[in-house]
Amino acid sequence: MSTAAAPVRHGVVLADLLPATRARDIALVAGGAVLTGIAAQIAVPVPGSPVPVSGQTFAALLVGTALGARRGFLSLALYAVAGVAGMPWFAQATSGYAMPSFGYILGMLLAATVVGALARRGADRSVVRMAGTMALGSLIIYAVGVPYLALATGMTLPQAVAAGLTPFLIGDALKAALAMGVLPAAWKAIGRKG
């Protein structure tokens, strides 16, 4: 009798474990956009910064990781397009593109795609790899959001870093810690840890 473990299916993200249908993909993309919009409403203003601390960055990275690159991108694209069209689901119930924090939303779109591609390669299956994935996703969001903040407000780059990056590092570390526990635990619970 063999006691070998079932082979790990590479190239699979959590969403792929649901039965594959077009309806599933549409529901996942829409659900990811809605989750991001709801998480964005968990927002706390930061004194001296036009950017609040919110749950939308965590949601965007979680959506990308759980859905994969293509669905993660589509989900965040739906979130961005609906927000630009007037849906008040950006942080603090705002909408539109003429706000200093819109660059972070563009960064989230790119970050969801990258972390989704990494998850498809197994980056969401261990605590260490998930930490790196979340750090890279956050870096991408800041790489787009901070320069956009500087351009939109007339701040210098160091001022934009002080207002749009530094105050958020502790919160990002907490969000990363949460993701490092949740996603690998989900894989372990379903018996597909890689």
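**How I read the model**

I am working with a predicted model, in which local features need pLDDT of at least 70 and side-chain atom pairs count only at pLDDT 80 or more, while totals for chains, interfaces and linings use all residues. Residues are numbered from 1 along each chain as its sequence is written, and side-chain values use heavy atoms, with hydrogens and water left out.

**Salt bridges**

I reminded myself that side chains of opposite charge can pair when their charged atoms come close. I counted a salt bridge wherever a side-chain nitrogen of Lys or Arg lies within 4 Å of a carboxyl oxygen of Asp or Glu, and the count by this rule comes to seven. One of them joins arginine 71 to aspartate 16, with the closest N and O atoms 2.6 Å apart. Since arginine 71 lies in helix α3 and aspartate 16 in the segment before α1 (22-40), I noted that this pair ties together parts that are 55 residues apart in sequence; helices here are DSSP runs (H or I, at least four residues), numbered from the N terminus. Aspartate 16 is buried, with a relative accessible area of 19%.

I then turned to aspartate 25, which is buried with a relative accessible area of 17%. The side chain of aspartate 25 meets that of arginine 70 in a salt bridge of 3.7 Å, N to O, and this pair links helix α3, where arginine 70 lies, to helix α1, where aspartate 25 lies, 45 residues apart. Arginine 70 is exposed, with a relative accessible area of 52%. Aspartate 25 also forms a salt bridge with arginine 71, at 3.0 Å from N to O. I wrote down that Asp16, Arg24, Asp25, Arg70, Arg71 and Arg120 are linked in a network of salt bridges.

**Aromatic rings**

For the rings of Phe, Tyr and Trp (its six-membered ring), I took a pair to be one with centres within 6.5 Å, where planes under 30 degrees apart count as stacked, over 60 as edge-to-face and the rest as tilted. By this rule I have five aromatic pairs. Tyrosine 79 and phenylalanine 90 form an edge-to-face pair, 5.2 Å from centre to centre with 70° between the planes. Tyrosine 79 is in helix α3 (residues 69-84) and phenylalanine 90 is in the loop between α3 and α4 (102-120), eleven residues apart; both tyrosine 79 and phenylalanine 90 are buried.

The rings of tyrosine 104 and tyrosine 142 have centres 6.4 Å apart and planes at 90°, so I recorded this pair as edge-to-face too. Tyrosine 104 is buried at 6% relative accessibility, and tyrosine 142 is buried with a relative accessible area of 11%. Which residues do ring pairs link into a cluster? I found Tyr79, Trp89, Phe90, Phe102 and Tyr148.

Terms used:
Helix = DSSP H or I, 4+ residues; strand = E, 2+ residues; numbered from the N terminus. Buried < 20%, exposed > 50% of the residue type's maximum accessible area, 1.4 Å probe, protein only.
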